[in-house]
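Please look at the sequence and the model shown here before reading further. The explanation is meant to be followed with both in view.

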Amino acid sequence: MTEHSVDCELCSGDGGEILHRAEKFRVVLVDDPLYPGFCRVIWNDHVKEMTDLPIADRSTLMAAVCKVESVVRAVMQPEKINLASLGNMTPHVHWHVIPRYLDDAHFPSPVWAQAQRQPLPASHAQRQALLGALRSAISEQF
Ligand SMILES: [Zn+2]
């Protein structure tokens, strides 16, 4: 499948800061002010569901998601990693890899729920400061 569309946000743009670009997928750092270290692994072609991918491609995608999870864990030191694939708004199957902390804006709810608090400025700044290390570690990992 190599369908691409200029009307599609994830065909016409990267969907974030590119950390790694592979033939079939890419890893981006999401520009979310509440969630430094939030990454996405995005399939480059239009594929709606995981089960629409050939098995080899599913494995390729999940291996990439696990690599990103490992790096985000090691560098960002979160309380928990949230892995999610929703994809209700785009034809590109993708996985969110989200570092979560006890004091983040939504914990213990999903990041898409109603915010419960403002993140503490000090811990937020500490996480922002790790992004350089995260960028390097992801490019080393792939
Ligand atoms: Zn697209």
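The model is predicted.

Which residues supply its protein donors? They are Cys8 and Cys11, each through its SG atom, together with His46 and His92, each through NE2. These donor atoms lie 2.0 to 2.3 Å from the zinc ion. The angles among the four donor atoms run from 99 to 123°, and the site is tetrahedral. Along the sequence, the donor residues follow the spacing C-x2-C-x34-H-x45-H. Cys8 counts as buried because its relative accessibility is 9%, under the limit of 20%. Cys11, with a relative accessible area of 24%, is partly exposed.

The largest nonpolar core consists of 27 residues. Within this core, the residues with the most contacts are Cys39, Val41, Leu61, Val68, Val72, Leu134 and Ile138. At least two core residues come from each of five elements: strand S2 (25-29), strand S3 (39-43), helix H2 (55-76), strand S5 (94-100) and helix H4 (131-141). Helix H2 provides the largest share, namely eight residues. If neighbours within four places in sequence are set aside, Leu134 is in contact with Leu29, Gly37, Cys39, Val71, Val72, Val75 and Met76.

Asn44 is placed in the loop between S3 and H2. Is Asn44 buried or exposed? Its relative accessible area is 12%, so Asn44 is buried.

Asp14 lies in the loop between helix H1 (9-12) and strand S1 (17-21). Its relative accessible area is 30%, and Asp14 is therefore partly exposed. When residues up to four places away in sequence are not counted, Asp14 touches Arg21, Arg26, Val28 and Ile42. With Arg21, the side chain of Asp14 forms a polar contact of 3.4 Å. Another pair gives a sense of distance across the model: Asp14 and Leu86 are 72 residues apart along the chain, and their C-alpha atoms are separated by 18 Å.

Two features of the backbone complete the account. The peptide bond leading from Phe107 to Pro108 is cis, with omega near 5°. Pro108 itself belongs to the loop between S5 and helix H3 (121-128). The other feature concerns Gln77, which has a positive phi of about 50° although it is not a glycine. Gln77 is located in the loop between H2 and strand S4 (80-84). Its relative accessibility is 59%, over the limit of 50%, so Gln77 counts as exposed.

Terms used:
Residues numbered from 1 in each chain as written. Predicted model: local features only at pLDDT ≥ 70, side-chain atom pairs only at ≥ 80, totals over all residues. Heavy atoms only, no water. Core = buried A, V, L, I, M, F, W, Y, C linked by side-chain atoms within 4.5 Å. Buried < 20%, exposed > 50% of the residue type's maximum accessible area, 1.4 Å probe, protein only. Helix = DSSP H or I, 4+ residues; strand = E, 2+ residues; numbered from the N terminus. Contact = heavy atoms within 4.5 Å. Polar contact = N/O pair within 3.5 Å; in protein donor to acceptor, adjacent residues only side chain to side chain. Donors = N, O, S within 2.8 Å, 3.2 Å for Na, K, Ca; no water. Tetrahedral: all angles 85-135°; square planar, octahedral: opposite > 155°, others 65-115°.
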